[in-house]
Amino acid sequence: MTVTGQTPAPTIEPGTADETRLLDRVFKLRELAILAVLLLMIAVTQADNPEFLSAQGVKDLLLNATILVLVASGQALVVITRNVDLSVGSVLGLTAFAAGDFLRGGGNALVAVLLAVALGIGCGLLNGALVSLGRVPALVVTLGTLYIVRGADSIWVGSRQITASDLPDAFTDFGSGGLSAVPYLALIALAVLVATAYYLRNFGGGRELYALGSHPEAARLAGIPVRRRVLAAYVACGALTGLAGALYLARFGNVDSSTGSGYELTVVSAVVVGGVAFTGGSGSVYGAALGALLLTTVGSVLPALGVSSVWVLAINGVLLVLAIAVDRIVALRVARALKKRSAPTRRGLRHD
C-alpha cells in the first residue's frame, strides 16, 4: 500500500519578508523627509513672496498637482508589482479628447467622464494582457503602446482642437471651482488616493501586489495569482489615467493631438521621487502623491522666486537621479544588514 503525504504549502522566504518590512520602514521615513523638504521649500518661498500662499496661490498649487497625483497613484500600483506603464501620457491625451469630443456634441458631463474612464480601462487591459498573459517585458509593451495610442490619437484628432468655448460652462466651472482654497478636483484626487491606499493596506489583493513585487517567483509558489494581479494593476492605472484625462479637460479646457506628450516621464519621476521602489515591492500611493506635489510645487516656486522656469526640468531630473541612487544604496544596506542578522542563526543551525 502506498501512503501519499500532503505536500506542504509553499511559503515566501522569511528573509524576503524581513527585507520587505525593513524597506517599508525606510521608505516611510523617506516620505516624511519629502514632506519636510516640501514644507521647507514652501516656507522659504512664502518668506520671499508673501502672496505665494494666498487663497488663490494655494488653490493653484493644488490644481497643478491634481492631475499628476491621480496618474501617479495608478502608476504606483504598477511599479509596486515590478512593472511600469510608459503609455499614460498618450492615454491621458486620448481620453481627454474623447471626453471633449463627446461634450462638444452635446453629451452629458458625467457620461463623458465615464467614457474617458472606460477608454482608459481598455488601454490598461491591452497593456496588462500583453505583460501578464503574453509575458512580454513591461518596458517594451508600454513603450510600444505609447506610440500606438499617440499615433491613433494623432490620426483621429488631426488638426482639430477643443477649447473651453466648445464645452459646457458648468463643466469648466467645476474644473476651476472649489470650496474656498480647496478645488473640487483636489477633493476628487484625495478621495481616490485614500481609497487606493486603503485597498493596498487592508485587502488581500492589495497586499499581494507588494508580495509579487518583492519576489515574483516566491509569490507564485505561495499561490498568489500573479498574472491576474498584474492585469488588475494595469487596469486600475488605465482607469485612473482616464479619470485624469477627463479632469484635465475640465481644468484646462484645451485639448489637441499633443496633449499629454512626454507626461509619462513626469509621472514616473513623481512615483520614484515619492519613494516607490522601481524594483517593486515597496512604497505607497501617499508617497507617489507627495512626489507629484513636490514636482509641481517646484514648477510654482521657481517663478515665485524670480528663477527661470527652464530650470524645472533640470531639477526634476536631479531629483529622479537622487531618488534612484538612494533606492539602490538603501537596498544594498538593507541586504547587508539582513545578512549580518541571519549569520548567527545559520551558524547555530550548523552546530545543531
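Modeller: Helices here are DSSP runs of H or I with at least four residues, strands are runs of E with at least two, and both are numbered from the N terminus. Please keep in mind that this is a predicted model, in which local features need pLDDT of at least 70 and side-chain atom pairs count only at pLDDT 80 or more, while totals for chains, interfaces and linings use all residues. Residues are numbered from 1 along each chain as its sequence is written, and side-chain values use heavy atoms, with hydrogens and water left out.

Colleague: At what angle do helix 11 and helix 12 pack, and how far apart are their axes?

Modeller: Two packed helices are described by the angle between their axes and the distance between the axes. Helix 11 (residues 263-273) and helix 12 (residues 285-304) pack at about 120°, with axes 7 Å apart; the axes are lines fitted to C-alpha atoms over the stretch in contact, and angles run from 0 to 180 degrees between N-to-C directions. This angle makes helix 11 oblique to helix 12, since angles under 35 degrees count as roughly parallel, over 145 as roughly antiparallel, 65 to 115 as roughly perpendicular and the rest as oblique.

Colleague: Which residues of helix 11 and helix 12 meet?

Modeller: Contact means heavy atoms within 4.5 Å. From helix 11, Thr266, Ser269, Ala270, Val271 and Val273 meet Ala288, Gly291, Ala292, Leu294 and Leu295 of helix 12.

Colleague: And how do helix 3 and helix 11 cross?

Modeller: Their axes come within 6 Å and cross at roughly 120°, so helix 3 and helix 11 are oblique to each other. On the helix 3 side, Val88, Gly89, Ser90 and Leu92 meet Tyr263, Glu264 and Val267 of helix 11.

Colleague: How should I read the length of helix 4?

Modeller: The expected span of a helix is 1.5 Å times one less than its number of residues. Helix 4 (residues 109-133) has 25 residues and should span 36 Å, and its end C-alpha atoms are 35 Å apart, which agrees. At its N-terminal end, asparagine 108 caps helix 4, with a side-chain oxygen 2.8 Å from the backbone nitrogen of leucine 110. After helix 4 comes arginine 135, whose phi is positive, near 55°.

Colleague: Which residues of helix 4 are buried, and what covers them?

Modeller: Buried means under 20% relative accessible area, exposed over 50%, and partly exposed in between, with a 1.4 Å probe and protein chains only. The buried residues of helix 4 include Ala112, Val113, Gly120, Cys123 and Asn127, and their cover includes helix 3 (88-104), helix 5 (138-157), helix 6 (169-176) and helix 10 (226-252).

Colleague: Is serine 87 buried or exposed?

Modeller: Serine 87, in the loop between helix 2 (55-80) and helix 3, is buried, with a relative accessible area of 1%. Leaving aside neighbours within four places in sequence, serine 87 is in contact with Asn127, Thr142, Thr145 and Leu146.

Colleague: How many helices and strands does the chain have?

Modeller: The chain has 13 helices and two strands, and 47% of its 352 residues count as buried.

Key. Polar contact = N/O pair within 3.5 Å; in protein donor to acceptor, adjacent residues only side chain to side chain.
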